[in-house]
Each structure stands twice: as C-alpha cells, then as structure tokens.
Amino acid sequence: MKLTVNGADVEVDDRFAKSPLLWVLRDVLGLRGTKYGCGIGYCAACTVLIDGRNTKSCQTPAGRAAGKAITTVEGASGPVVDAVRDAWYQGNVIQCGYCQGGQTLAATALLETDRSPDDAAIGQWMNGNLCRCGTYPRIRRAIHQAAGTLASGRDPEPLAAPLELEMEPLTPEELADPVHPYVRIGPDGTVIAYSDQIEMGQGAHTGLATIVAEELDADFASVRVVSAANGARPGGGNVYGTPAGGGFLQLTGASTSTVGYWARYRLAAAQARARLVAAAAEAWGVPAGEVEIASGVVSHPSGQRAGFGDLAVKAAQLPVPDGVQPKDRNQYTLIGREGTLRVDAAGKILGRTRFTIDVTLPRMLTAVVLHPPKFGARAAAVDDSAALAEPGVVAVVRVEDGVAVAGETFDDAQRGLRALAVDWDEQDAERRSSEELLAEHRRLVTSGEQAVVAREDGDVAAALAAAAHVVDAVYELPYLAHAPMEPNNAACRMCDDGILEVWAGTEGPDYTQMAAAAAAGLDKDRIRVHVPYAGGSFGLHSTSGHDPVSEAVQVARALDWKYPVKLQSLREEEFKSGRYRAMAVHRVRAGADAAGRVTAFWQQIAAEPTSPNLPGVAEVLMKGGVDYMTTSGAVDGPYALANFKLETTNVQTGVPIMVWRSVGNSHTEFARESAIDELAAASGRDPVDLRRDLLAGNPRTLAALDLAAERGGWGTPLPGGRARGIACSSFLGSHSAQVTEISLDDRHRVHLEKITFALDCGITVTPDLVRAQVEGGLLYALGAAAWGEIILGDGGQIITQSFDRYLVMRMQSTPQIEVLLIESGEPPTGVGEVSVPTAAPALTNAIFALTGTRIRRLPVAKTIRVY
Ligand code: FES
Ligand code: FES
C-alpha cells in the first residue's frame, strides 16, 4: 500500500490497510505529532489534513487514505498554517499542548475555507476538537488574529522550536552543590533550570524561567527548563519537596509549583549571578561592585564585556558570596511583566514535544490492558488463543488488575485485546450501581452514622433553634473522571547495568519509583524515573504511584525484561481504572436572624476518603478519622461563622478514588456557596451583601468579591431571560470571586454567557499564564458541573467509558471570560486549581435567579439542559 504523507510517497505493509491511519502514522511511520485521545471519533486529537480537509485519523482506515494527500502537524506548511501558529504562539494558547497539533490543523482547514469566520462559525467548526485544558477562549482569539494577519497580507515567519534538551544525570558532586541542582550555566551561555515540578500545562516551567532570568539578569530566551527527575535521581539529594509533600517528597500538587519555586530559585539564581559577577571581577581585576549584568551580558564601565558562557566555568569554581539576597520587588523587569510567552509553546504547536505516549525505544512493545467491567473483579479464566493469533501480537500477560496484550504496535495490541476471552470473578467486586451508592451516601449523611467532628465553633444547635430563617438542604455530587487529553501511559526498560528506567508524566516521581520497584521486585534505588511533559493530569497522575507504571513494569518483568514496554491505556480502560473524584453528599443546616445575618452553619459530609494511604501523605492528611482532602474548603472556608460545625463520614466503597483538580473544595464549596445563596433567598437578602457581612475579617476575599461584583455588573439590569450568580472562595492561599451570567433560550436550555473572575494570588510571575489557568480551571469545572458524571449501572457495571458519554466542555458552550488580577503584593499563592470550586455554585445560583429552580444535585443537566 502506498501512502502520500507530507508530500512524500511511502510504502506501508498491506496488513495495515484496515488499521486506523492514526496508528500507521504514529507506530509505522514514526510521525508522533498526531495524537490519540479516544479512538472513537469524539476528541479530534488525531486530526490530520486529507486533501486539505481536517479528518479524524483514528476513524480513517489507512487504506482509504491511499492516493490522497495526507498532511500531519509535522508536514503542514504555507501562509495559513504559519499565520495560525504565529497567533497560537503570540496568544499563549497552549497549555499541556497535547491537543494543539489537531487544533491548529483544524483551524488551518477552517481558514482555508472561510477567511473571516465569526465566533459562531469558529464554535461550530472547532466543536469536535476537545481541549481538556480549556484553551477555547484563546483558540477563538487566535483564529481571529490569524484571519487578520492573512487579510493584512503580512506573512509571519514559520514558527521555529529549539530541540528538546537531553540532559545527562547530575553527578553526586553536583547534587551536593547548593546552586547546581537548581541552576546551571552551559559553556554556550544557556541557562538550565532544573525543575522538580512537572509541566503538565500549568505553565510552571515558564514561571520558573521568568524567576531565574529575573534574578540572573539573563536573556529570557537563553533559559531552558528541564525535569530534575530526568536522571537527577535515585539516591535523594535532589528531592526538593513541596509544601504539599511535607517538604520531602518530589510532588507536583496543590497548585504549589510557583509557591515552591519562589524562595528557592530566586535565591539560587541570585547566588549564581553573584558568582558570575565575582568571576568577571577577578578576570578583569575590577571591584565586584562595578560589574553589571543586563540581558545576559556581563560588563564593566571600562568597556569589558562577556557572556555568561565565558564566565561559567570560572564562576562554578568560586564559592557563593555571603549575604546574597534576591531583588526587591521594585527592581523586577520580568516578574509580573505582561507579554511573557510560554517557553514550551513552539515545540508543542509544531508537534515536536515528546510526551510519554511518544517514547520510542529499540525493540519496544506496546501493551494495552483489559480491566474488569466492575471494580474489584478478577480475571478467573483467560482464553488468549485468538489474541495470540492476531498478527503482531507478541504476548498475553496477566497483571494485577487485568490482562495485558503486548504487540509490535498499539493497533496490534488493541486487536489482540479485542480478541481476548476473559471470565471475570466478581465475588469481591463493587456491585452497587452509582444510584445505590448515592443512596448509601445520603443515608449516612442524614443519619449522622459514623460521623466524626472535624471542627466545632460555638453552639450551632442552639443558634439554629433560635434562627429566624433556616435552610436544611442536601447537595449531591457524582463521581468525576480526570480525563486528561493524553490517556494513561508509561514506559520502561531494563538497562544492562541493572537499572530499570521508567518514563511517566507523573506528578509524584517518588511514588512512581516505589510503584515501579514493587512491580519489578527491585530495590527502589535501581529505578530511574524520567518525567516527560504530560498531556494534562488534573490529579490523575499523582500520589497513587500512577498505576500504568506498575502495569508496564509487570508486563516487562513477565517477559523477562527482554523488551522495553510502553503501556498505553485505551481511553475506555483509563475510565475503567477508576481513580475518580469521590462521590459526595452534603447536608447543610444554616440559620439567619431576622435581619438576615448568618448565625449558624452546620455542614455534614459523606464521601469516600481521598487521601491515599501512602507514606508521607496519610499521616499528614488523615487525622482522627478526618480526611483533610475531603473536608478542605469546609474546614477552612472564607467566612467568619461564630456557630459552625463540620462533620464528616468516610464512606467505604470499592470504587478507587483519587485527588481531582481542587480536591475536596470541588464539592465542599458547592455545598457552602449554594447554602449561603439559599439562606440569602430565604431571608430576603442580596447574596453579595450577605457574603460581605461574613467577609468582614477577610479583606482579600472581600476585595475579590467586590471587584467581581462591580465588573460583573452585579445589581445592574439585564435583558429578559438573563441572570447572574455569584460565589467566592479562599483556597490555597488565594482569594477569588466570580459572577456567572447565563441566559435561557426558548427551548428552556441554559447558555453560559459571561464569567467575571477576580483573583488575588499575590505577586503574579506571569500574569497572562495566570489568566490562562483561571480560564482553563473554569472551563474544566463548568463542564463537570454541567454534564460530568461517571455512571455505574446495575450490578456495578462501569457504563461511562469515554467522551461519548462523559460530556465535557467544548468550544460552542464556552462563555466569554474576564479574569481580573488583584495586585496585593503578597508572595505568590495557588493558581491552577483556584477557579474550580466556585464554577458550579455560581452557575447553579444563576440558574436559581433565572428560573427559581434550585439545583442541589450535579450535574446540572440532570435537571435542566445546558447548551
Ligand atoms: S477522535 Fe480520534 S483519537 Fe479521539
Ligand atoms: S492544551 Fe488542549 S488538552 Fe491541554
């Protein structure tokens, strides 16, 4: 079979004629810029151009593309795609970047068809291309920008991307150096910052490059950020830790990347700068105080000049001068600057960035795992004869949670998986449906059975008894999937020196190392973890040790380490692996006096515990039966409540639970902000005024509330059929509020019109990327609030397995979003998750204002359609 790909004719074995073009491009032709997201036509991550039309390559048999011009992200060229890529780059569109090859090709096809599409045309055309990072508002803007560029006749330069750095492991001496493990300067003047935080879309690496360039007075373009886990372990020494990990685990979580970088890297870069100054002073025989650095050039008024590379070797031999301090805030030229562009954008736009799915090793097999149809079921009998007869299938291996098929390509393995016949033993399976599980949560929360008091202030029962207005309401939230665009995966290989190398887009390399060691039967010091860019995560790849790692290692071990193995989950198998956001039911009893002042707030929670039972986590987050990951946002909410009680019940089910973007706050704040709104309605008060009373002692959240209300038009008239809702939050040290404006059409469908979001997250290192994170968090959470729900059917069968049933935010439903950053001058605090908790209650509060219907059960679409 002959295919014409990126202008060249290539021969492909006829056995692949019926295989999806996606896997032929990726695994046979090595064109890995085209991505797998679902394999069933619901995400368009796999978009290519066929004869200029954007086409889902997972739905196109390779043979059907013969004789046509196939263009992948690697081969696209010309003025239209150049204009698109330039607009994407300048507009800071990308986050994790996994979907963006497909997005840019779809946008290119649109502009080839329509040179000035309006928002509606863009929404319709791009609606099939999912972005779980929520880059839709920027994609919309970038398409308009590209259209403007094309109309102007200006030809943007084709985008170029630096090659990804392959770093050598740090030596023990370097690890012991107080500066080297953080910041190195190469002989060519390149500044390399080692990050212990994974880049999964949040922009952490760009923030780090900004901090380092600022303190070094380096040329921003000369700073490269690489993963510290890439060879800088095992053996410890480079395990910086974050506040989330108790200071000793390498863990990306709780929106602490910039928080964790802030003090350490400013000081490390300032120390590196001082060493460069000392080296120049010594070389030139001048006082150090007369040496200047600007934009990567070291100079002296006498006319001496040098680049960083000229001084790096000498500087590294000098001690760190005493008393070096980072800059004062008023000296910043890069931190807080508008217009900083992401350091990882170009490679991702051009499809060159290598994610875990793209790891390729000599003789590597790709494995897929069939998981049981119910949580806790086990494979009793496996007939693998038909699977092994499939061309390209190499082995079938039982793994702990299922049966793996290893093949030469993903498509081979997938065909093998479909040919497997497995009898499942369901004796220990969770056999309750999600409705039955919800009923159990409801029973527990209303009975108070097994409840533990997490916090108690004043006398809530007496205050409720004396209240003039009382709300007693139950709020119900379903299981949610993380569903990052890059489905679960990992790769491993045994090296000749007995080191097991593992590649995984993990948030917790230490746990990944432990999981790999356990699966391999090796000491953990023999595991070396590489952390590539991740195509999203949202908590899925955090503390469990990232189960695909264990599965990849189990398969490689069963095959006597003869082959490197990449474990690539099918999207439906990722859903069947669970690790969902917990189901949660809250009961809130709240009271107000005759003047509408809140006098009592009693919140009860029933949810599966989220804190994993892992070293370094359990002892910090689970105390006296209270799981902080369940109660966060309730136990430490923003309001002053004199009579407050919080109780929590840990519900035991067989459904695997995992932290999900914003963790407990994703449900606790829905209950709180809904109940406060209900109390405002019951006592005839304006919801903003009532919140203002409660925030008298919390000026930063109050300022956010006031700003969101003012700029969101709170209290000003709206056209008929429109309404606004409000919610506010103090979370991860940040303070926020949002006004959500919606409309209702004549078919009684809710439309999201506009969100005004005010945020005080302290000093913003990269303001535009903060705005991007807020936008992404809002859209992630709004999709979940509107439609998100994992359904377990009769007998516990996992029904929701992909984007056909798990509906998420798409371009057409994306509202206008305005993000307002409050300059408090405080140190940086969390950003990546802080816009999630208020999204659902601001929406349901708006629906109540518009329709009088109070939504107490999510998703909203169970009650009213959201368009
Ligand atoms: S539509 Fe092709 S991978 Fe999702
Ligand atoms: S940037 Fe689109 S999925 Fe991450």
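**Questions about a predicted model**

Colleague: What makes the four strands β28-β29-β30-β31 a sheet, and of what kind?

Modeller: In this predicted model, the four strands follow the order β28-β29-β30-β31 in an open sheet with mixed pairing. Strands here are DSSP E runs of at least two residues, while helices are H or I runs of at least four, numbered from the N terminus. Two strands pair if DSSP finds at least two bridges between them. β30 (residues 750-760) and β31 share six bridges in the parallel sense, so they count as a pair under the rule of at least two. Within β31, Glu 818 stands opposite Thr 756.

Colleague: Why are β28 and β31 said to stand at the edges?

Modeller: Each of β28 (722-731) and β31 (816-821) has a single partner strand, so one side of each is left without a neighbour in the sheet.

Colleague: Happy with that. How do you know which residues and cut-offs apply?

Modeller: Residues are numbered from 1 along each chain as its sequence is written, and chains are lettered from A and ligands numbered from 1 in the order in which they are written. Local features need pLDDT of at least 70, side-chain atom pairs count only at pLDDT 80 or more, totals for chains, interfaces and linings use all residues, and side-chain values use heavy atoms, with hydrogens and water left out.

Colleague: Why is helix α1 called largely enclosed?

Modeller: Buried means under 20% relative accessible area, exposed over 50%, and partly exposed in between (1.4 Å probe, protein chains only). Six of the eight residues of α1 (residues 21-28) are buried, so the helix is largely enclosed by the rest of the structure. The buried ones are Leu 21, Leu 22, Trp 23, Val 24, Leu 25 and Arg 26. Their cover includes β1 (2-5), β3 (47-50), β5 (69-71) and α12 (410-419), with contact meaning heavy atoms within 4.5 Å. Just after α1, Gly 30 takes a positive phi of about 70 degrees.

Colleague: And what makes a set of residues a nonpolar core?

Modeller: The set must consist of buried Ala, Val, Leu, Ile, Met, Phe, Trp, Tyr and Cys residues joined through side-chain atoms within 4.5 Å. The largest such core has 162 residues, and Trp 88, Ile 143 and Leu 843 have the most contacts inside it. Helix α23 (residues 767-787) gives the largest share, 11 residues. A second, separate core of 41 residues includes Ala 204, Ile 211, Val 277 and Trp 284.

Colleague: Which residues does Trp 88 touch?

Modeller: Leaving out residues up to four places away in sequence, the partners of Trp 88 include Val 93, Ile 94, Ile 139, Ile 143 and Ile 349.
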